[in-house]
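The following paragraphs lead through one chain, from a single side-chain pair out to the fold around it. Please keep the sequence and the model in view while reading.

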Amino acid sequence: MLVGGHGESNPNTTWLQSRGLWISYALGVLTLHLILLSVPILSVALAWTLTNLIHNACHFVFLHILKGAPWIPQDQGDCRILTHWEQIDYGQQFTATRKFLTVVPIILFLLTSFYTRYATSHFIINFVSMVLVVLPKLPQFHRVRLFGINKY
């Protein structure tokens, strides 16, 4: 038994598999969207675009930029050089959790495109945002640091 009673040397790898997390995640995105819709000066299209951009920015920072674990892991520093995305399910590709986290930005992009009525400016901004979030999730980019960014 390790510290905290969870039995994992690095709990960062499995907490996304906990019960009800996917529903909580979807409810969080929905809550963000409803808060943005309640702002009177924002149009529906702008609220959808902001929902997509805020979600993708948080997604990118927390999954692809931050490294290590938020607590002292018992894995002898193995996770210190890995982003959260690389730690999920011990780095195993195409698990249910990874598929879910890959599909959510794509579905949000499709919903945003639909509700903005495919306006060119919204489409370009949302498409670039989606690509920046989905590309790092591909297996070809596992442990790859482009141009030395986030290397240390």
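In this predicted model, the side chains of Thr49 and His122 are joined by a polar contact of 2.6 Å. Thr49 belongs to helix α2. Is Thr49 buried or exposed? Its relative accessible area is 4%, and because buried means under 20%, Thr49 counts as buried. His122 is one of several residues in contact with Thr49 once neighbours within four places in sequence are left aside; the others are Thr112, Thr116, Ile125 and Asn126. Tyr115 is a further point of reference: 66 residues separate Thr49 from Tyr115 in sequence, while their C-alpha atoms are 9.2 Å apart in space.

Ser129 sits in helix α5, which covers residues 120-134. With a relative accessible area of 9%, Ser129 is buried as well. Which residues does Ser129 touch, not counting residues up to four places away in sequence? They are Asn52, Leu53 and Asn56. Helix α2 spans residues 44-65.

Lys137 is buried, and its relative accessible area is 4%. Its side chain makes a polar contact of 2.8 Å with the side chain of His64. Residues up to four places away in sequence not being counted, Lys137 touches His59, Leu63, His64, Trp85, Gln93, Leu101 and Thr102. Between Lys137 and Glu86 there is a separation of 51 residues in sequence, against a C-alpha to C-alpha distance of 8.8 Å.

Trp85 can be taken next. Apart from neighbours within four places in sequence, Trp85 is in contact with Leu63, His64, Arg98, Leu101, Thr102, Pro136 and Lys137. Trp85 also belongs to the largest nonpolar core, a group of seven residues whose other members are Leu16, Leu63, Ile88, Phe100, Leu101 and Val104. Helix α4, residues 96-115, gives the most to this core, supplying three residues. Leu63 and Leu101, both members of the core, are also among the residues that Lys137 touches.

The second largest pocket is the next feature to locate. What is its volume? The space in it comes to about 400 Å³. Its lining consists of 17 residues, and those nearest the centre are Tyr25, His55, Cys58, His59 and Phe62. Helices α1 (21-37) and α2 (44-65) each contribute at least two residues to the lining. Sorted by class, the lining holds twelve nonpolar residues and five polar ones, with no charged residues. His59, one of the residues nearest the centre of this pocket, is also touched by Lys137.

The chain as a whole can now be set around these sites. How many helices and strands does the chain have? There are five helices and zero strands, so that the order of elements from the N terminus on reads α-α-α-α-α. The chain has 152 residues, of which 34% are buried. Among contacts between residues at least 6 apart in sequence, 65% join residues at least 24 apart.

Notes: Residues are numbered from 1 along each chain as its sequence is written. This is a predicted model: local features need pLDDT of at least 70, side-chain atom pairs count only at pLDDT 80 or more; totals for chains, interfaces and linings use all residues. Side-chain values use heavy atoms; hydrogens and water are left out. Helices (H or I, at least four residues) and strands (E, at least two) are DSSP runs, numbered from the N terminus. Buried means under 20% relative accessible area, exposed over 50%, partly exposed in between (1.4 Å probe, protein chains only). Contact means heavy atoms within 4.5 Å. A nonpolar core is a set of buried Ala, Val, Leu, Ile, Met, Phe, Trp, Tyr and Cys residues joined through side-chain atoms within 4.5 Å. A polar contact is a pair of N or O atoms within 3.5 Å; within protein, one must be able to donate a hydrogen and the other to accept it, and residues adjacent in sequence count only if both atoms are side-chain atoms. On a 1 Å grid over the protein atoms alone, a cavity is a set of points where a 1.4 Å probe fits but cannot get out, and a pocket is an open set with protein on both sides within 12 Å along at least five of seven lines; lining residues have an atom within 4 Å of a point. Grid points are joined across faces, edges and corners, and a volume is the space filled by probe spheres set on the points. Ala, Val, Leu, Ile, Met, Phe, Trp, Tyr, Cys and Pro count as nonpolar, Asp, Glu, Lys and Arg as charged, and the others, Gly among them, as polar.
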